Amino acid sequence: MGRESSLLFALLAFRQGHLTRGHLLEAAALWMQDPSRDLSQLLVDAGRLTAATRAEIARVVSDWERVRGTGKPGPLPDSVRETIVALRDAGATPEGEPAA
């Protein structure tokens, strides 16, 4: 899985409520230390995702990659854009993240 696809994978897992913000940031920090590692596998190895959940999200990412392979840029799903904005905005509580 490429860098862009790995990021999409993690954001989808977060947006679907499988990861907290802390889990996402923790995994991203580990992945950034060694981007050659598979981020989705890091999440499974850390016990943050099940293999079944990983496979489900990987199918969505694979579909997105296929669209991109047609030569047309595959737009990021709206939920991913919303997640990026929620992570950026201080005080925002994205879906699946308990309020402080």
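**View 1. Confidence across the predicted model.** In this predicted model, the chain has a mean pLDDT of 78, with 69% of its residues reaching 70 or more. Among the elements of the chain, helix α3, which spans residues 39-45, has the highest mean pLDDT, at 92, whereas helix α5, spanning residues 78-88, has the lowest, at 66. Where pLDDT is low, the predicted coordinates should not be read in detail.

View 2. Of the 100 residues of the chain, 29% count as buried. Among the contacts between residues at least 6 apart in sequence, 67% join residues that are at least 24 apart.

**View 3. The packing of helix α1 against helix α2.** Helix α1, made up of residues 3-15, packs with helix α2, made up of residues 21-33, at an angle of about 160°, and the axes of the two helices lie 10 Å apart. Because angles over 145 degrees count as roughly antiparallel, α1 is described as roughly antiparallel to α2. The crossing in which α1 passes α2 is right-handed.

**View 4. The residues in the contact of α1 with α2.** On the side of α1, the contact is made by Arg3, Ser6, Ala10, Leu11 and Phe14, and these meet Arg21, Leu24 and Trp31 of α2. Taken by class, the residues of this contact divide into five nonpolar, one polar and two charged.

Terms used
Residues are numbered from 1 along each chain as its sequence is written. This is a predicted model: local features need pLDDT of at least 70, side-chain atom pairs count only at pLDDT 80 or more; totals for chains, interfaces and linings use all residues. Side-chain values use heavy atoms; hydrogens and water are left out. Axes are lines fitted to C-alpha atoms, for helices over the stretch in contact, and angles run from 0 to 180 degrees between N-to-C directions. Helices (H or I, at least four residues) and strands (E, at least two) are DSSP runs, numbered from the N terminus. Angles under 35 degrees count as roughly parallel, over 145 as roughly antiparallel, 65 to 115 as roughly perpendicular and the rest as oblique. A crossing is left-handed if the near helix is turned anticlockwise from the far one by less than a right angle, and right-handed if clockwise. Contact means heavy atoms within 4.5 Å. Ala, Val, Leu, Ile, Met, Phe, Trp, Tyr, Cys and Pro count as nonpolar, Asp, Glu, Lys and Arg as charged, and the others, Gly among them, as polar. pLDDT is the predictor's confidence in each residue, from 0 to 100. Buried means under 20% relative accessible area, exposed over 50%, partly exposed in between (1.4 Å probe, protein chains only).
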